[in-house]
Amino acid sequence: MKPLENGESDLEGGRLGKDRDRTARSGRTFKMHNQALLSGLAYCISSCSMILVNKFVLSSYNFNAGISLMLYQNLISVIIVSTLSLFGVISTEPLTLKLIKVWLPVNVIFVGMLVTSMFSLKYINVAMVTVLKNVTNVITAVGEMYLFNKHHDNRVWAALFLMIISAISGGITDLSFHAIGYAWQITNCFLTAAYSLTLRRVMDTAKQVTKSGNLNEFSMVLLNNTLSLPLGIILICVFNEVDYLIKTPLLRLPTFWLVMTFSGILGLAISFTSMWFLHQTGATTYSLVGSLNKIPLSIAGIFLFKVPTSLENSASILFGLLAGVFFARAKIRERS
């Protein structure tokens, strides 16, 4: 009977081992799903909140110094990233003269992108900003075709065509249409596309002049925001925001400083959460969630800021948002 008992114990041991492995695997899978869900939720909340808080500062507080707001937000990012790097929480590349020379052209575009975004958001409602931002995808696709000889399939071009139609119909039916705001937003689309296209080339060159031969997300955040500070100061003088800052009573309100500081933290949170979400999922899920994220953002923007709208304009906005989702899905199929 002993051999039988030994055999039974071996079988039981094998079953227990398999059960333990299965439990461990399911535990790891559950943990990965939780991480992906948590990172995606953090990314969505931070990206939506950033736009809504900026809109609140510029419109509800009627703050007429968008460049100063950008400068303060970037300063907050520099302070936080530098502190984390100093205590060894994150690693960043040292800002050498060679690296600054390579990165400066793309940083000028980066600053222009942020400034025009602030100016447009002051005049245009959040929903229309999200729809008009789709034009960036069209410009980027054309740029990729001419600069990198990259060809897109018919589904991508169909989605881009729908984006253009939605942007035009949205502008025509926009009850709060503001020509200056639209001009700033179209400029922002060109600058955002230029930043995306230029960044690909500059990053390869920048990696060659770093000490480690690499350039992580934290280093790029620190580099972009640090270099933007002197450029921001120059633009504040050019646009004569100094006189406004001296006279405005808003800077004497502690609550206003609290909201501005919170917006700066949110700006940095977008960089961190987007990197975390991208690491947990992938470029495909990231792009699709980014497109879907515009839908609740647009709805929140309309209701929170009591935007006057019509059925035609609402339909145009919805059409534009769905075109963005269709574009993301078309890009996913194009990659596969």
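This is a predicted model: local features need pLDDT of at least 70, side-chain atom pairs count only at pLDDT 80 or more; totals for chains, interfaces and linings use all residues.

Modeller: Contact means heavy atoms within 4.5 Å. By class, that contact of α3 with α8 has 13 nonpolar, three polar and no charged residues. Ala, Val, Leu, Ile, Met, Phe, Trp, Tyr, Cys and Pro count as nonpolar, Asp, Glu, Lys and Arg as charged, and the others, Gly among them, as polar.

Biologist: How many helices and strands does the chain have?

Modeller: The chain has 13 helices and zero strands. Helices (H or I, at least four residues) and strands (E, at least two) are DSSP runs, numbered from the N terminus.

Biologist: Back to α3 and α8. At what angle do they cross?

Modeller: The axes of α3 (residues 97-123) and α8 (residues 217-238) cross at roughly 65° and come within 8 Å. That makes α3 roughly perpendicular to α8, since angles under 35 degrees count as roughly parallel, over 145 as roughly antiparallel, 65 to 115 as roughly perpendicular and the rest as oblique. The axes are lines fitted to C-alpha atoms, for helices over the stretch in contact, and angles run from 0 to 180 degrees between N-to-C directions.

Biologist: And α2 with α8, what is the angle there?

Modeller: The axes of α2 (residues 66-86) and α8 cross at roughly 145°, and they too come within 8 Å. Among the α2 residues that meet α8 are I67, L71, L75 and V78, and the α8 side includes F218, L222, L229 and I233. The residues of this contact of α2 with α8 divide into 13 nonpolar, eight polar and no charged.

Biologist: Which residues touch the most others in the largest nonpolar core?

Modeller: V57, F63, L69, W103, Y195 and I317, out of 65 residues in that core. A nonpolar core is a set of buried Ala, Val, Leu, Ile, Met, Phe, Trp, Tyr and Cys residues joined through side-chain atoms within 4.5 Å. Its largest share, 11 residues, comes from α3.

Biologist: What does L69 touch?

Modeller: Not counting residues up to four places away in sequence, L69 touches N54, V57, L58, F63, M118, M260 and S263. A second, separate core has nine residues, including V138 and F327.

Biologist: How much of the chain counts as buried?

Modeller: Of its 336 residues, 42%. Buried means under 20% relative accessible area, exposed over 50%, partly exposed in between (1.4 Å probe, protein chains only).

Biologist: New topic: N149. Where is it, and is it buried or exposed?

Modeller: N149 is in the loop between α5 (134-147) and α6 (154-173). N149 is exposed, at a relative accessible area of 57%. Its phi is near 55°, a positive value in a residue other than glycine.

Biologist: And where does N240 lie?

Modeller: N240 lies in the loop between α8 and α9 (241-247). N240 is not a glycine, yet has a positive phi of about 55°. At 45% relative accessibility, N240 counts as partly exposed.

Terms used:
Residues are numbered from 1 along each chain as its sequence is written. Side-chain values use heavy atoms; hydrogens and water are left out.
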